[in-house]
Amino acid sequence: MNEQQRDYVLRSVEERGVRLIRLWFTDVLGNLKSMVITPPELDNALNDGMTFDGSSIDGFSRVQEADVLAVPDPDTYELLPWADGSAPEARIFCDIQHLDGTPFEGDPRQVLRRHVKAAHEAGLTFYVAPDIEFFYFEPLVAGTEPVPIDDGGFFDHTINDVTGELRKNTIRTLETMGIPVEYSFHEDAPGQQEIDLRHTDALTMADSVMTFRLAVREIAARNGVHATFMPKPVEGLQGSGMHVHMSLFRGDDNAFYDEADDYDLSATAKSFMAGLLRHAKEITAVTNQTVNSYKRLVPNYEAPVHISWARDNRSGLIRVPIAKRTNPLATRIEYRSPDPACNPYLAFSLILAAGMKGIEEGYELPDEADANLFECDDAQLEELGIDQLPHSLHVALETMEQSTLVREALGEHIFEWFLRNKRREWQGYKTQVTPFERDRYLRSL
């Protein structure tokens with residue numbers, strides 16, 4: 001533990017008059033969990049962690065091995081901007097450990113920490129920058145369709161722009177918490193927004209995504225608006241994605257850049273991309289973990305379904321953005337299939353694991369697919385040798401189950417629990433009789 005940062009946290013709590021400290025962690029599905037301690041308990045928590053019953057958290061411990069430790073990471077200490085000013089509160093993310101201090105296998109943050117450490121041991125730092133889309137709706141009414149808060153489209157700005165004000169307040173909140181924002185704008189569909197976070201290392205970014213989702217909902221709720229990261233909340237409109245821009249650095253040098261290459265891509269970048277493409281189907285159950293995720297991953301709604309890559313072509317799975325003024329530091333790739341409902345710790349872990357596998361094994365990058373793949377029929381795709389992502393959660397789980405890479409990357413504990421949980425979700429979905437079925441069949445059959 002960084003003793004200097006630990007002392008800063010204790011001093012800040014005292015000087016700022018912090019009344020409550022929220023210890024944050026996530027379950028396997030990426031739901032934010034929290035326990036609250038008072039300042040007198042903080043020193044003990046930083047030294048020894050806080051014991052809690054892991055069997056009460058989905059995907060954590062079994063009853064017979066229940067107790068685990070939440071160990072605060074002092075580097076993640078931040079004041080909560082939305083707390084009562086007369087009674088300040090702070091948050092700290094935690095790593096979950098066994099009582100003997102070893103990493104707990106069911107903790108998604110520890111999974112990502114393990115992969116980041118392995119990359120560091122290879123001399124590499126994994127940087128990510130997600131573009132996160134979401135919707136603002138009027139307050140939800142049970143049994144009715146959600147109503148978007150506006151009827152805007154791409155980059156729309158109007159007088160008395162309610163969504164613009166919500167985004168602005170969200171950005172100010174994020175910046176206050178040390179989460180820098182690169183872009184913000186109205187997305188394509190009515191009520192749909194996008195906020196893009198500035199790149200940082202993968203573990204910090206996963207923490208930032210968890211904070212981001214809470215901040216968006218918190219600020220929306222305080223203004224009588226419902227915010228959702230559901231991938232496809234409205235039929236006929238675009239879904240919400242979380243496009244992940246990424247790069248690997250060796251020290252201060254971008255390991256993805258090679259000025260001698262026509263695309264400015266190094267051999268490292270190409271092998272990393274090849275790893276992502278080869279293992280894309282296997283990791284999709286985690287990057288797109290809900291039944292609803294696959295309502296977004298369909299042709300002609302801008303979401304990628306084709307396992308291919310290209311420069312500045314948004315119909316493929318991997319896009320290679322053209323860097324402004326050929327800036328070596330800006331060379332990166334964009335993985336476009338994940339959605340904002342995923343667990344960012346596990347999603348970033350599998351993306352990194354697949355890419356590193358490509359580097360370690362020297363995978364060959366297939367040819368660029370620069371056509372508009374949304375306009376290609378199955379015969380043309382077959383001729384081009386382009387496969388597609390799983391079309392349902394069921395297929396994604398079946399593919400994941402056969403994957404040695406995913407099993408090793410997640411660890412046996414999370415791998416088996418995730419499959420069991422998501423199969424229950426699929427079984428529950430299969431028993432539903434939808435309005436589509438009643439409208440189509442009830443009168444005619």
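I looked up the lining of the largest pocket and found 17 nonpolar, 10 polar and 16 charged residues.

I note that the model is predicted: local features need pLDDT of at least 70, side-chain atom pairs count only at pLDDT 80 or more, and totals for chains, interfaces and linings use all residues. Residues are numbered from 1 along each chain as its sequence is written, and side-chain values use heavy atoms, with hydrogens and water left out.

**Largest pocket.** I recorded a space of about 1,200 Å³. A pocket here is an open set of points on a 1 Å grid over the protein atoms alone, where a 1.4 Å probe fits, with protein on both sides within 12 Å along at least five of seven lines; lining residues have an atom within 4 Å of a point. The volume is the space filled by probe spheres set on the points, which are joined across faces, edges and corners. Of the 43 lining residues, Asp131, Glu182, Tyr183, His245 and Arg332 lie nearest the centre. Two or more lining residues come from each of β7 (125-137), β8 (181-186), β9 (192-197) and β12 (242-250).

**Second largest pocket.** I noted a volume of about 880 Å³. Met230, Lys232, Pro233, Asn292 and Lys295 are the closest to its centre among 29 lining residues. The elements β11 (226-228) and α13 (435-441) each give two or more residues to this lining, which divides into 16 nonpolar, 8 polar and 5 charged.

**Whole chain.** I found 13 helices and 16 strands, taken as DSSP runs numbered from the N terminus (helices H or I, at least four residues; strands E, at least two). The radius of gyration is 22 Å, close to the 22 Å of the globule rule for 445 residues, so the chain is as compact as a globular protein of that length. That radius is taken over C-alpha atoms, and the rule is 2.2 Å times the number of residues to the power 0.38.

**Alanine 202.** I located alanine 202 in helix α5 (residues 202-222). Alanine 202 is buried, at a relative accessible area of 1% (buried is under 20%, exposed over 50%, partly exposed in between; 1.4 Å probe, protein chains only). Beyond its neighbours within four places in sequence, alanine 202 contacts Leu112, Val116, Phe126, Val128 and Phe348, contact meaning heavy atoms within 4.5 Å.

How values were computed
Nonpolar A, V, L, I, M, F, W, Y, C, P; charged D, E, K, R; others polar.
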